[in-house]
Amino acid sequence: MDVKSTPSYLYWLFCQFELITCSYLMEPWEKVLFYFFNLAMLGLLLYTTYVCLAFHASSAFQLLCSFLGNPRENSLSVVK
């Protein structure tokens, strides 16, 4: 993609977004509220995904470690 055409492509995407959501019909203050709400929901979704993904990855790693077993732990249990 050409660097010079990137701003025009982003503008085209923004125009498509306005056409799909019909936000081009809104007044400026309505657009601000609409975009703020959408960005807030996107931010909450990304934050929740990050937190849940970290939690699930941590629990999956612990489960995997318990299945594989810790060699030091197994040798200590035999000695006792």
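This is a predicted model: local features need pLDDT of at least 70, side-chain atom pairs count only at pLDDT 80 or more; totals for chains, interfaces and linings use all residues.

Reader: How do you know that the span of helix H1 agrees with its number of residues?

Author: Helix H1 covers residues 6–21, which is 16 residues. The expected span is 1.5 Å times one less than the number of residues. For H1 this gives 22 Å, and the end C-alpha atoms are 22 Å apart, so the two agree.

Reader: What is the pattern of the chain, and how many helices and strands does it have?

Author: The chain has three helices and zero strands. Read along the sequence, its pattern is α-α-α.

Reader: Why is Cys 22 called partly exposed?

Author: A residue is buried under 20% relative accessible area and exposed over 50%, and partly exposed in between. Cys 22 has 39% relative accessibility, and therefore counts as partly exposed. Cys 65, at 37%, is also partly exposed.

Reader: How many disulfides does the structure hold?

Author: The structure holds zero disulfides. A disulfide would require a pair of cysteine sulfur atoms within 2.5 Å.

Reader: What makes Ser 23 buried?

Author: The relative accessible area of Ser 23 is 0%. The limit for a buried residue is under 20%, so Ser 23 is buried. Ser 23 lies in the loop between H1 and helix H2, which covers 28–68.

Reader: Which side chain is joined to that of Ser 23 by a polar contact?

Author: The side chain of Tyr 35 is joined to that of Ser 23, at 3.2 Å. The contact qualifies because its pair of N or O atoms must lie within 3.5 Å.

Reader: Which residues make the nonpolar surface patch?

Author: Tyr 9, Leu 10, Trp 12 and Leu 13 make this patch, with an area of about 410 Å². Trp 12 lies in helix H1. At a relative accessible area of 46%, Trp 12 is partly exposed, and a patch residue needs over 30%.

Methods: Residues are numbered from 1 along each chain as its sequence is written. Side-chain values use heavy atoms; hydrogens and water are left out. Helices (H or I, at least four residues) and strands (E, at least two) are DSSP runs, numbered from the N terminus. Buried means under 20% relative accessible area, exposed over 50%, partly exposed in between (1.4 Å probe, protein chains only). Patches are made of residues with over 30% relative accessible area and no salt bridge: like charges are joined within 9 Å, nonpolar side chains (Val, Leu, Ile, Met, Phe, Trp, Tyr) within 5 Å. Accessible areas come from the Shrake-Rupley method with a 1.4 Å probe; for residues, only the protein chains shown count as cover. A salt bridge is a side-chain nitrogen of Lys or Arg within 4 Å of a carboxyl oxygen of Asp or Glu. A polar contact is a pair of N or O atoms within 3.5 Å; within protein, one must be able to donate a hydrogen and the other to accept it, and residues adjacent in sequence count only if both atoms are side-chain atoms.
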